[in-house]
Amino acid sequence: MTRHGKNSTASAVYSYYEKKKDAATSGYGTLSKRLGKDSIKGFDCCCLTLQPCKEPVITQDGYLYDREAILECLLHQKKEIARKTKEFEKQKKQQSKEQEELAEAEHRAKVQKFEEQERTLSSAPIDPFKKNADAESQSLSNMSAGKAKALPSFWVPAMTPQAKASLVEKPDKKTYCPMSGKPLKLKDLIPVEFTLIDETDRTPLIAKEARYKCAVTHDALSNSVPCAVLKSCCYNGMR
């Protein structure tokens, strides 16, 4: 045993385990954790279900999906687009109806104002030296003659400004890839056919560590092996 064998702080190397232990104990520093092998999705797993694909399809950006999962995702987007389109059309009709009602109310107000002006016309001469009784009855107070009801009282619930409903924007008709966010159509999906390492083995795919091999070199495929898909025949192989 060396001189500092019992002293764990005498080591010239500050190990990763000691660093993480001290950071967790003190609460200072960057608290991060290394991802293990189980935290990384397999190259043949669906980006949505995270399970080995039963019927794999791939996008032009290289994202692998199970056909059933991506079709369900695109169908859900289509339903949401149809629902938002229906709400937008309903809102559009409501706005046009409100504009027609406002125009009609404005026209009625103009007609009523014109009729009132016609009724107030008088042919009798006006004496400029005669005091106006209405002017004498006017008060300087802003609470008289029913003005109190016209004052803004924001603390009264009945007089608070009403919240307007949020307007629905016109929805986009395109469906998008859930991973890249780019427009995605059903015809853009490329089917993929993996070559099994052992076709006679009946073990479930999820229980196998090495499931597929290159169709050309017959090497086992994994996350560390760059893979490519040939669109003409849809077979998977190493690049």
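Reply: What follows starts with the chain as a whole, goes on to the aromatic rings, and ends with the charged side chains.

The model is predicted. The protein chain has three helices and seven strands, and from the N terminus on these elements run α-β-β-α-α-β-β-β-β-β. Of the 239 residues in the protein chain, 18% are buried.

Now the rings. The count of aromatic pairs comes to two. One of them joins Phe43 and Phe194, whose ring centres are 6.0 Å apart with 80° between the planes, an edge-to-face arrangement. This pair links distant parts of the chain, 151 residues apart: Phe43 is in the loop between helix H1 (16-26) and strand S1 (56-58), and Phe194 is in the loop between strand S3 (190-191) and strand S4 (195-196). Phe43 has a relative accessible area of 22% and is partly exposed. Phe194, at 17% relative accessibility, counts as buried, because the limit for buried is under 20%.

Phe194 also pairs with Tyr212: the ring centres are 4.5 Å apart and the planes stand at 25°, so this pair is stacked. Planes must be under 30 degrees apart to count as stacked. Since Phe194 is in the loop between S3 and S4 and Tyr212 is in strand S5 (residues 212-213), the pair ties together parts that are 18 residues apart in sequence. Tyr212 is buried, as is Phe194. Phe43, Phe194 and Tyr212 form one aromatic cluster.

Next come the charged side chains. Side chains of opposite charge can pair when their charged atoms come close. In this model the count of salt bridges comes to seven. One of them is between Asp44 and Arg211, with 2.7 Å from N to O. Asp44 is in the loop between H1 and S1, Arg211 is in the loop between S4 and S5, and the two are 167 residues apart, so the pair links distant parts of the chain. Both partners are buried: Asp44 has a relative accessible area of 1%, and Arg211 has 13%.

Another salt bridge joins the side chains of Asp61 and Lys182, at 3.7 Å from N to O. Asp61 is partly exposed at 40% relative accessibility, and Lys182 is partly exposed at 46%.

A further salt bridge stays within one element. Glu104 and Arg108 meet at 3.3 Å, N to O; both lie in helix H2, four residues apart, which is about one turn of the helix. Glu104 is partly exposed, with a relative accessible area of 48%, and Arg108 is partly exposed at 48% relative accessibility. Salt bridges also link Glu80, Arg83 and Glu87 in a network.

Lys78, Lys92, Lys170, Lys173, Lys174, Lys185 and Lys187 make up a positive surface patch. Lys78 is found in helix H2 (residues 67-119). Lys78 has a relative accessible area of 48% and is partly exposed, so it passes the limit of over 30% that patch residues must meet.

Conventions. Residues numbered from 1 in each chain as written. Predicted model: local features only at pLDDT ≥ 70, side-chain atom pairs only at ≥ 80, totals over all residues. Heavy atoms only, no water. Patch = residues over 30% accessible without salt bridge, like charges linked within 9 Å, V, L, I, M, F, W, Y side chains within 5 Å. Areas by Shrake-Rupley, 256 points an atom, 1.4 Å probe, with all protein chains shown as cover. Salt bridge = Lys/Arg side-chain N within 4 Å of Asp/Glu carboxyl O. Lys, Arg positive; Asp, Glu negative; His and termini not counted. Charge placed at Lys NZ, Arg CZ, Asp CG, Glu CD. Buried < 20%, exposed > 50% of the residue type's maximum accessible area, 1.4 Å probe, protein only. Phe/Tyr/Trp six-rings, centres within 6.5 Å; stacked < 30°, edge-to-face > 60°.
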